[in-house]
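Student: I have a model open and want to check the terms used to describe it. Can we go through them one by one?

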Amino acid sequence: MNLRSVLDLIFPTQCIQCKIHLDANNRVGAGVVCETCLESIPLGETLACGRCGARLPNAKRICHFDFPYVLGSATSYDNEIARKLIHTLKFDLVEGASKPLGNLLAAYAGRLPVDWETFEVVPIPLSKRRERGRGFNQSLIIAEEFARRMSLRISHRILERAKDGPPQSELKGRAARQENIRGCFRISESRKTIPRNVVLVDDVTTSGATFFEAASVLKSLKVRRIIALAVAKA
Ligand SMILES: [Zn+2]
Ligand SMILES: [Zn+2]
């Protein structure tokens, strides 16, 4: 492998979508996508009830008041560029995809009528075993980028994995996913303070079962408001 192809691996020279040559002027962060493509991704405008999906234009609950979280998704998993970015993050270039994805989530959050200053960011934890296998936790990496852009504290030592099932993406159907994730999280003994409001961050949400488990555990700590944010909703 020559130096050029090594550099192409670390800093790809083409946008993953439009194949335009990437340079310092059009690259987002150290990203794998050009600014034009990233900005073409349609962003959501509201939060939604985590239970029934009702849109919440004022970010206030109108139904299912006892449900542990309200849901926000920056975009849809149907969007090809978002899907490519998430795929890139999971399977090869961490740095190149985390900046555009954190950017996307922050751009969406900035549109919502939420006083984010009162929130701490909590990424969905990956099991130690899977994190070792992959080398990183994609939710943590997106959450770090999001927290940096929003100037929020990140608390990655509150939640931890209690057990390890197959990845949610390998299971079909809401019931199977709920069963797989039940009891998966616990409060970490090394936690220091308890945040008042939490923004949970994950890359993709499908059935919402992962957010539900994580939010339910946080509610047991008397966290007041929980907003679960995913980059994409499948
Ligand atoms: Zn492009
Ligand atoms: Zn509802």
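Student: Where is the place of Leu-112?

Tutor: Leu-112 is in the loop between helix H4 (94–109) and strand S4 (119–123). Helices (H or I, at least four residues) and strands (E, at least two) are DSSP runs, numbered from the N terminus. This is a predicted model, in which local features need pLDDT of at least 70, side-chain atom pairs count only at pLDDT 80 or more, and totals for chains, interfaces and linings use all residues. Residues are numbered from 1 along each chain as its sequence is written, while chains are lettered from A and ligands numbered from 1 in the order in which they are written.

Student: Why is Leu-112 called partly exposed?

Tutor: A residue is buried if 20 or more other C-beta atoms, placed from the backbone, lie within 10 Å of its own, exposed if 12 or fewer, and partly exposed in between. Leu-112 has 19 other C-beta atoms within 10 Å, so Leu-112 is partly exposed.

Student: Which residues does Leu-112 touch, not counting those up to four places away in sequence?

Tutor: Leu-47, Ala-59 and Gly-72. Contact requires C-beta atoms, placed from the backbone, within 7 Å.

Student: What makes strand S3 largely enclosed?

Tutor: Six of the seven residues of S3 (residues 70–76) are buried, so the rest of the structure largely encloses this strand.

Student: How do you know that S3 pairs with strand S8?

Tutor: Pairing requires at least two bridges found by DSSP. S3 and S8 (residues 225–233) have six, in the parallel sense, and Ser-76 stands opposite Lys-233 in S8. Strand S1 (residues 47–49) runs antiparallel to S3, with two bridges joining them.

Notes
Contact = placed C-beta atoms within 7 Å.
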